Amino acid sequence: MPKKTIAIADDHCLVREVMANYLTVQMEADVRQASSVEELETLIKAEGPFDIILLDLIMPGMMPGLDAIPRLLELNQQHPILLFSGSASAGVVYEALERGVSGYVEKSQSARSLVNAINFVLAGEVYLPMSVRLNAVRPSITDEKGLTPKEIEVLRCLTEGMMNKEIGQSLGVSEVTIKMHVRSICAKLNVKNRTQAAMIGSQFLLV
């Protein structure tokens, strides 16, 4: 069985080399390294396509706009890209998903989690850490519907089937306050009840 080929692009040499050494041993993979998007493109042209690319979010050639992602996907014949970073907002992660990446790994996660994420993506799935899944909200729910951050929290609880008392305990506010939020959410979403609100919410929240 041929070895999996992995390209790691990160401008921090220590991070890049530690990851490469770990994946070479743990996955018995053939791992190549690049320190910038430009260097990665040269590497793909010379040795690719790779089975998967691990791409640092903050590095030369990446920002602003994540414009490099579609170009890299095309160059690498649409093989998956797994984004990783020390920190990234849910909005940035969602934009990256829209541009075609197959997942996101936080650098604070364990090395074992990185291997699991790679295998998950290679199996054709999209990988997101729990922290992003809990916090990622499509921009349109605030831009188009006008929900406040607190209302989004309440709506997320509604999509999970929680009752007002449970939501209040979870968010540290009174049940009466939650009832007011639910009424406001229903009005802004133009629905008649919490069930309909939850159905719409599930279309906007990454769960």
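Among contacts in the protein between residues at least 6 apart in sequence, what percentage join residues at least 24 apart? The share is 63%, where a contact means heavy atoms within 4.5 Å. The structure is a predicted model, in which local features need pLDDT of at least 70 and side-chain atom pairs count only at pLDDT 80 or more, while totals for chains, interfaces and linings use all residues. Residues are numbered from 1 along each chain as its sequence is written, and side-chain values use heavy atoms, with hydrogens and water left out.

The protein contains 11 helices and five strands; these elements are DSSP runs numbered from the N terminus, with helices being H or I of at least four residues and strands being E of at least two. Of its 207 residues, 43% count as buried. Here buried means under 20% relative accessible area, exposed means over 50%, and partly exposed lies in between, with a 1.4 Å probe and protein chains only.

The five strands form an open sheet in the order 2-1-3-4-5, with parallel pairing. Strand 2 (30-34) and strand 5 (104-106) stand at the edges, and each has a single partner strand, so one side of each lacks a neighbour in the sheet. From one strand to the next, the twist averages 20 degrees; axes are lines fitted to C-alpha atoms, for helices over the stretch in contact, and angles run from 0 to 180 degrees between N-to-C directions. Strands are taken to pair if DSSP finds at least two bridges between them. Five bridges join strand 1 (residues 5-9) to strand 2 in the parallel sense, and isoleucine 8 stands opposite glutamine 33 in strand 2.

Aspartate 56 belongs to strand 3 (residues 52-56). Its relative accessibility is 2%, and aspartate 56 therefore counts as buried. Leaving aside residues up to four places away in sequence, aspartate 56 touches Ala9, Asp10, Asp11, Met62, Phe84, Ser85 and Lys107.

In helix 9 (residues 164-171), the buried residues are Asn164, Ile167, Gly168 and Leu171. Seen down the helix axis, the buried residues of helix 9 fall within an arc of 100 degrees, so they line one face of the helix; the arc is that of the directions from the helix axis to the C-beta atoms. The face turned away from this buried side carries the exposed residues Lys165 and Gln169. Just after helix 9, glycine 172 adopts a positive phi of about 75 degrees.
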